[in-house]
Amino acid sequence: MRSPLYQLIQNSEACFDFVQDHGYDGIILLNSMTNEIWANARLADVLGYKEDIPPAILNRINKTHLEKKHQDIDILSKSGRSIAFKVSTFQQDTFQILGLQQKTKNTDQIDQRILAIRSLLTSAKLAFWEWNIQTGEVYLSPFWAQELGYRMEELQPFSVSTWSELAHPDDAKKCERLLQEHFDGHSLIYESEARMRHRNGRLIWVYDQGKVVSWKDDQPEWMIGFHQQISERKNQEEVLKTFIRQFPAAVAMTNKSLDILSYTQEWLEEFHAGQELSVSKIAESIPHIPAITEGIERIINNEIPIFEEIIREENSFQDNWREWKITPWYDQQHIGGVIIQVSNLNKLKKLELEKLQYFQYMAMICANLPVAMIACDTRGRLTLYNDTAREWFHLNESAEIGEPQFIDHIQLNELSGDQIFTDHPLRKLLRNEELKNRQFTIQNDQYKRTLKADGIQLFNELGEIIGVAMTLYDMSDSIATENQLRLSEQTFKNSFKKAPIGMALVDLDGSWMRVNSKICKILGYSKEELLKTNFQQITHPDDLDSDLYLLNEVKLGKRKSYELEKRYIHKTGKIVSVILSVSVVRDPQKNPLFYISQLTDISSLKASSEALKNVLEITQKQNDRLHNFAHIVSHNLRSHTGNISMLLDLLLSQYDQLRQEEIPQMLLTASKQLNETISHLNEVATLHDTNEDELESLGLSSVIEKELHNINAYIKETKIKIENKVAPDVKVLVIPAYLESIIFNFVTNAIKYRSLDRAPKLSFRSKYINSFVMLEIQDNGLGIDLEKHGHKLFGMYKTFHKHKEARGIGLFITKNQIEAMGGKIEVESTPNIGTTFKIFLKHA
């Protein structure tokens with residue numbers, strides 16, 4: 001009997017309050033079902049018993065209480081003295097708790113009030129505490145310390161700070177507020193949930209409940225309470241909150257005080273137009289509907305298990321139809337709050353309005369389906385047929401199954417001949433015979449059709465048969481398609497067998513399922529030998545992993561097919577190089593069935609490629625030697641021509657009369673021209689293709705401005721107007737010296753070959769074209785006849801105007817510089833109008 005009492009105290013707040021307020025001098029527990037009776041140690045002590053109260057005394061107490069039917073009884077103590085008690089009663093299920101207080105007490109007995117309650121709570125193994133609010137005196141039970149993992153001596157001396165040091169700072173303020181509300185009379189008991197630091201360092205959730213039991217000078221004096229760990233419940237509550245937030249409907253969760261604990265995005269959309277929830281109570285979140293408010297209250301009070309109702313909410317715009325479902329959620333065995341789920345039925349109501357249109361639409365579809373649909377009642381009268389049935393059988397509503405004219409209309413022949421069924425399939429359906437995937441033919445002067453028929457019985461709500469229905473599908477096209485498919489399959493077999501490349505069907509595990517003769521020839525195996533192996537066994541080990549990786553991606557559907565170059569090991573042991581193409585065949589449910597592999601032998605091509613590679617390496621070495629030879633010849637020739645020029649100048653300086661002679665002058669001119677030619681050849685020899693890494697990112701506009709500045713005197717002298725319209729942020733990948741040389745050449749050419757009939761102009765523009773920057777250089781000079789000279793425009797030593805400084809080397813070098821940087825050049829020109837050069841350079 002002791003355990004039920006402690007269970008009641010722990011689980012019932014009202015029972016806890018009753019024991020504190022009325023059980024100062026003893027507690028008696030009665031079980032009305034078993035007539036058992038039990039008294040606590042405090043009553044035994046008051047009556048003078050060191051051990052349990054004798055059963056005879058307890059039975060007398062029970063009998064007296066039942067006979068008197070009032071709350072005052074006298075009990076004989078061990079010494080024989082009668083002690084008067086005031087009795088208070090608390091009923092819980094089948095148990096009745098009697099709280100006893102002596103009617104007359106001396107001062108010492110009154111002072112022992114707190115000790116009696118402490119004794120009761122300690123015997124109940126509750127984690128209780130006592131607090132003298134006015135003096136600061138604190139008592140903590142061993143079980144209070146035990147809940148937090150401590151021994152009593154580790155927490156002594158007890159004080160208010162013992163709790164505040166263990167409580168989480170964020171929760172301490174909330175607890176202080178709730179405590180003050182209890183002191184001010186706003187709550188009958190003090191209740192809080194707070195996180196506290198366990199001895200092992202982790203935070204646990206603790207439920208705390210207490211009550212002021214004595215007052216002094218109108219101020220709270222003594223307060224008693226207990227706490228218990230609720231971490232598991234809080235975790236379960238958080239899980240429930242998380243579940244609510246992720247629920248795909250308009251759902252909100254509250255506690256018993258109807259504070260909103262959790263809600264879904266759909267709840268915000270339904271009641272708050274998607275805006276953040278700014279209210280805390282459920283009544284502030286939903287429309288004021290008395291039925292809903294009453295339903296919530298009745299569930300909280302455990303009067304009903306669930307509330308479900310469809311409510312029409314009228315407003316000035318349109319009616320709202322919502323289905324409300326309210327259910328409780330439980331904290332252990334007690335209601336912790338409610339879960340409210342709201343379904344917006346506006347769409348459903350709209351669908352109901354559209355239902356008739358839907359059926360009309362379906363009737364229209366049925367009427368025009370290329371499937372004959374026929375239904376009749378149990379008497380054989382037609383109740384439904386569509387246009388296809390009307391066309392095929394010329395039906396009319398007066399025809400009945402049992403009448404000859406109906407059989408005349410529905411003439412279904414045997415698939416293999418002209419025999420007409422006398423026992424009609426619809427009649428068989430009425431007799432519960434099956435009609436499924438049966439094939440018939442119909443024929444008239446215009447056509448012959450092969451039909452597949454399926455039939456069902458029709459029932460009413462009571463399960464009674466009310467008719468039958470039959471659908472007939474025209475299989476003529478399907479049969480033709482099947483014949484075509486059979487022909488295609490035969491064609492595939494012939495193509496597979498005679499294909500000029502290796503072809504194979506490969507099982508999902510890699511084993512060969514089917515191979516053609518070409519693949520056997522490539523790999524050197526007979527068909528029988530190959531079918532006993534799998535492709536993994538004869539794949540070169542270095543190529544297997546990449547092949548298996550790609551094969552798995554095809555199997556998982558990440559790619560439809562793949563192609564790679566791989567090596568197989570020939571039966572003789574030699575390496576065979578092939579191009580392998582693989583695709584997968586799947587069933588209607590998209591499950592892989594097998595692979596189709598195609599092998600193209602490239603062994604001879606690989607050998608030729610290696611030979612070509614060797615030739616290219618030899619050619620590269622020869623080019624390098626020629627390049628070095630060009631540098632050596634250029635260098636040596638320049639030395640000799642320099643010496644010749646120097647000797648001629650020395651000779652003419654010593655014999656001044658020779659300057660008047662024609663031959664010395666001709667020698668001097670020839671020497672200078674030879675020196676210039678060698679210089680040009682040296683410049684050409686130094687041009688070479690560049691790698692991406694050799695190019696630098698330069699601002700195109702800034703390079704143009706730099707070159708214009710370098711020849712500024714020349715520009716002013718010729719009075720040419722130059723416009724640079726290239727944006728400052730345009731950048732190109734170039735060799736700086738090459739780009740400067742290109743700009744210099746085009747500017748000086750525009751000046752050299754300007755027209756004397758008009759003011760000279762030159763402009764620079766740019767725009768992005770794919771991965772290039774196109775630099776457009778346009779002048780209004782003499783122009784070039786491209787029909788006459790276009791084929792040799794960029795040739796070496798090609799000139800097109802009689803200008804004293806024309807050498808025919810500038811455009812040749814410029815074109816080679818542009819191409820060496822991975823670019824290209826185009827030209828547009830009209831004689832006596834001008835020329836436009838378009839230079840394409842890689843953009844940075």
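Analyst: Begin with contact, which means heavy atoms within 4.5 Å. The model here is predicted. Leaving out residues up to four places away in sequence, phenylalanine 764 touches Ile704, Ile722, Glu723, Asn724, Lys725, Val726, Ile743, Val747, Leu775, Glu776 and Ile777.

User: Which residues touch the most other members of the largest nonpolar core?

Analyst: They are Leu700, Phe764, Leu775 and Ile839, in a core of 38 residues. At least two residues each come from α25 (700–710), β28 (731–734), α27 (736–752), β29 (761–769), β30 (772–779), α29 (810–820) and β32. The largest share, eight residues, is supplied by α27. Another core, of 26 residues, lies apart from this one and includes Trp512, Cys520, Ile538 and Val554.

User: How do β31 and β32 pair, parallel or antiparallel?

Analyst: A general point on strands comes before the case. In a regular strand, side chains alternate between the two faces of the sheet. Here β31 (residues 824–830) and β32 (residues 834–842) are antiparallel, with seven bridges.

User: What volume does the largest pocket have, and which residues are closest to its centre?

Analyst: Empty space is found by rolling a probe the size of a water molecule over the atoms. The largest pocket has a volume of about 1600 Å³. It is lined by 48 residues, of which Glu13, Glu191, Glu193, Tyr207 and Arg233 are the closest to the centre. The lining comprises 17 nonpolar, 16 polar and 15 charged residues.

How values were computed. Residues numbered from 1 in each chain as written. Predicted model: local features only at pLDDT ≥ 70, side-chain atom pairs only at ≥ 80, totals over all residues. Heavy atoms only, no water. Pairing = 2+ DSSP bridges. Helix = DSSP H or I, 4+ residues; strand = E, 2+ residues; numbered from the N terminus. Core = buried A, V, L, I, M, F, W, Y, C linked by side-chain atoms within 4.5 Å. Buried < 20%, exposed > 50% of the residue type's maximum accessible area, 1.4 Å probe, protein only. 1 Å grid on protein atoms, 1.4 Å probe; cavity = no way out; pocket = protein on both sides within 12 Å on 5 of 7 lines; lining within 4 Å. Points joined across faces, edges and corners; volume = space filled by probe spheres on them. Nonpolar A, V, L, I, M, F, W, Y, C, P; charged D, E, K, R; others polar.
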